[in-house]
Amino acid sequence: MKITPLAFCLGAEVSDLNLGEPISAHDALLLKKAYLDHLLLLFPNQDIADQDLIRVSSIFGEMMLPPAAHERSSVQKSDAPPEITVVSNVKVNGVPIGELGDGEVIWHSDYSFKEVIGGMRILHGILIPPLEAGGSTEFANMYAAFDDLPPDLKKYALNHSIKHDIAYDTNRALRMGATPVTDPSKGVGPIHPMVSTHPESNCNSLFLGRRLAHYIMGETLEQSERILDALWEHATQEKYIYRHAWKKNDVVLWDNRCVIHRRGSFDSQHDRILHAAQVQGHKPFQAENAAIFKPHHRGASFFQN
Ligand SMILES: [Fe+2]
């Protein structure tokens, strides 16, 4: 097995490892370390089954079952194991076989709108449109975004929390049964610290969840909107991003506790199918004395050091 850091703010490519075969305890430890060091791992050319995806996922934590298909709009029941989410624009008899369609999926971290957020998520590219059709996924390093904040904003972030609205999904659509939000200060959702301490790396990252109808606790709505816009503009700068252009049988996994991601729209003439699995994260917290913690080493300047 070979682990090669990508020349971006996050990510490493893992080669000479077949995810379809059992992974030794030694390699599993190296993968876990690489995941904590690089935040995202890319495994090209993995012609694997769902059970392999689940087996690999369990290296990174406790499996987290996605909501049942009938709770997730009109997605049809798939033959995949319950741990697997189908991400696709394909329809059979007019009914989608998976989630997220072909539109843009906005910046977010998985399950940030829950009390216990998502940890690692893994995606396996099964049917991938040609490159020019679009649909790449961007990932941004939130350790680096926090470390780079101007001092006044860093201090502010360390002392504020965000209410993570649950009304809208990452396609900006209203979730089933939710009420449209006209005033985010009155929205519903868990409150998480704006800066969260990673329970394994012990480093701080900016934890913004998604933009949507989120709200900074204790601020006027106008102030909250203004500061959230500024934080998002900062956090999504090119220097923090790795953009992944998918190829068939790519497997990509990342850490939602310190990475945000988004997907570009793609040409609806093309079918796209990925299978996903995820492990549980934790309830976000900020450690005491977080302000003096060392930054994570995989920052925007990783390749300049
Ligand atoms: Fe996601």
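I begin with a term: two strands pair if DSSP finds at least two bridges between them. I keep in mind throughout that I am reading a predicted model.

**Entry on strand β19**

I looked up β19, which runs over residues 273-280, and asked how many of its residues are buried. I found that 6 of its 8 residues are buried, so I noted the strand as mostly covered, a residue being buried if 20 or more other C-beta atoms lie within 10 Å of its own.

I then looked for its partners. Strand β4, residues 85-88, pairs with β19 in the antiparallel sense over 4 bridges, and within this pairing I located Thr-85 opposite Ala-276 of β19. Strand β9, residues 118-127, also pairs with β19 in the antiparallel sense, over 7 bridges, and here I located Gly-118 opposite Gln-280 of β19.

**Entry on helix α1**

I turned next to α1, residues 25-38, whose 14 residues reach 20 Å from the first C-alpha to the last, close to the 20 Å expected at 1.5 Å a residue. Which residues of α1 are buried? I noted Leu-31, Tyr-35 and His-38. Seen down the axis of α1, the buried residues fall within an arc of 95 degrees, so they line one face of the helix. On the face turned away from that buried side I found the exposed residues Ala-25, His-26, Leu-29 and Lys-33.

I also checked what the buried residues of α1 pack against, and listed β1 (2-5), β2 (12-15), β3 (40-43), β9 and β17 (251-255).

Key:
Residues are numbered from 1 along each chain as its sequence is written. This is a predicted model: local features need pLDDT of at least 70, side-chain atom pairs count only at pLDDT 80 or more; totals for chains, interfaces and linings use all residues. A residue is buried if 20 or more other C-beta atoms lie within 10 Å of its own, exposed if 12 or fewer, and partly exposed in between; C-beta atoms are placed from the backbone. Helices (H or I, at least four residues) and strands (E, at least two) are DSSP runs, numbered from the N terminus. The expected span of a helix is 1.5 Å times one less than its number of residues. The arc is that of the directions from the helix axis to the C-beta atoms. Two residues are in contact if their C-beta atoms, placed from the backbone, lie within 7 Å.
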